Every structure is written in structure tokens, then in C-alpha cells.
Amino acid sequence: MLNVVIVENEREQALALERMIGEHPQAGVFSVSHLDGAEALRSRVARGLSEPRIDMLFMDICLDDADGVELVKELFPTSGLTQVIYVTGHPEYCTRVYQSSHVYFLLKPVAQADLFDAIDKALANLDNESRRPLAVSVGGNVMRISPDDIDFVESDRRKVRIHMADAVVETYGSLARMASMLPPEFIQCHKSFLVNMDRVAELQPEDAVLLSGERVPVSQKRRKFVKESLLEHLRAGL
């Protein structure tokens, strides 16, 4: 499941864009939500791992309470997995958007073909970036780890443990940082754990049982989210 967020003051404009996004051939794997301005987006980002990562962000530039370009520079200062697609009725912004990381610039009224092209580029970037090996510092050395090899990630204060089939690698870092670097099939199932949904064999009331037989804790608070995410992930793979 990919989380798509539309930041737009005008509700009708947001609903129209959402309908158009829903016509994309891969719309079945999108979860689309709408935020009505800068403060709502700041709050969403500030909640960190308590909310799913924003995979695709449709950002209106002329918000009532902020400049969209400056907001992206503030909240998404480096290129990462969040794919920013600017939407505006003002073509004069077409140069200034390059001050920030983004994948596309759409002019209102948005043409369906342009929207699909923007989504396709964002999806390609997400796939390329999320499959890129992680460079993990271990005891003064740098280890290359493929996301596909990871079963789950465990946080222990200032360290994280990356659990794989044949090894456990410990490094300094945060769960939030690891989540931002991993593909969408990694979800937070507990305040201290990320799990790879491709490795889950069974979801039980308090644990996710992996194909390896290992158990990863699932908190009561996040169980509904994990269940829904797992079901959507399985459907998308059919």
C-alpha cells in the first residue's frame, strides 16, 4: 500500500484530484488522504512513525497559510522516498520549484495524461530508491544490506538491530530513520519494531509469525493497522 497525500486548501479541487488519481491503473495500491494546509502537513510529519510514511505528496504551491515550495524545503529537505508532485495554477513557479526536491510540476486544470505521467515517474523513483542497498556502519566498517534480505528491524534505545535470515546486524540509528530508507512493505507493528510484510506467514493477536518461525511483537494499538496493511499488501500481490 502506497500512501498518497494531497495538500490543498480547496476541498473541491482536492476531491477532483483524488478522483483522477483513482483512475490510474495502479490506483488499487494507493491510500489517498487530503490535508487542508501547511499546519495539517506539519502535524502529519511531526507524528513520525505513528503515521504511515508519505510515499507520494501532491503539493499545492499557493496555500492559504504557506508557500508550498518553502514548505517542502522545510519538511522534506533532502531527496528521499517521498515523491513530491507540485500542483498549481501559476506557471511562473515552474523555475522556483527546482529549489526543492520534486518529481513533477502540474498546472491546473490538471490534464489526466500529465497526472498519469507524474504518477508513473513517482512510482519508478519509489521502486528504484527503495530497492537501493543500505549502507550500514558496523564497528567502523560499512556493510551493504539489501532490503529484500531483511526480515525485521528492532530498535533498542540509540541502536537498531537488522534481522536477516543468516545474520543480525547492530548499528547506531533510529527506527524512524530506518523506516524512511526502506520500501513500503516494511511497516511499524510495534513502537520498537518494523516488519517486512513479505516475510509474514501469520498474524496472531500479539505477534506476527514469520516464514522463518520467528515472532515479531504487534502492539494492541497497531494491530488493526497491521492487519489492514497486510491484507492490502497480499491483495496487491495477487
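1. Buried residues are those under 20% relative accessible area, exposed residues those over 50%, and partly exposed residues those in between (1.4 Å probe, protein chains only). On this scale Cys94 is partly exposed, because its relative accessible area is 37%, whereas Cys189 is buried, at 0%.

2. The model is predicted, so that local features need pLDDT of at least 70 and side-chain atom pairs count only at pLDDT 80 or more, while totals for chains, interfaces and linings use all residues. Residues are numbered from 1 along each chain as its sequence is written, and side-chain values use heavy atoms, with hydrogens and water left out.

3. Searching the whole structure for disulfides (pairs of cysteine sulfur atoms within 2.5 Å) gives zero. Cys94 is accordingly in no disulfide, and the nearest cysteine sulfur, that of Cys62, is 13 Å away.

4. There are 16 salt bridges in the structure, a salt bridge being a side-chain nitrogen of Lys or Arg within 4 Å of a carboxyl oxygen of Asp or Glu. One of them joins the side chains of Asp67 and Arg96 at 2.4 Å, N to O. This pair links distant parts of the chain, 29 residues apart, with Asp67 in the loop between strand E3 (56–60) and helix H3 (68–75) and Arg96 in the loop between strand E4 (83–88) and strand E5 (104–107); helices (H or I, at least four residues) and strands (E, at least two) are DSSP runs, numbered from the N terminus. Asp67 counts as partly exposed because its relative accessibility is 25%, and Arg96 is partly exposed at 23%.

5. Arg215 and Asp207 also meet through their side chains in a salt bridge, at 3.8 Å, N to O. Arg215 is partly exposed, with a relative accessible area of 46%, and Asp207 counts as partly exposed at 21%. Elsewhere, salt bridges that share partners join Glu154, Asp156, Arg157, Lys159, Arg161 and Glu170 into one network. The Arg161 and Asp156 side chains meet in a salt bridge at 2.8 Å, N to O; Arg161 counts as partly exposed at 21%, and Asp156 is partly exposed at 27%.

6. Two loop positions complete the note. Asp36 lies in the loop between E2 and helix H2 (38–46) and is exposed, because its relative accessible area is 52%. Gln26 lies in the loop between helix H1 (11–21) and strand E2 (30–35) and is partly exposed, at 42%. Although Gln26 and Ile119 are 93 residues apart along the chain, their C-alpha atoms are separated by 9.4 Å.
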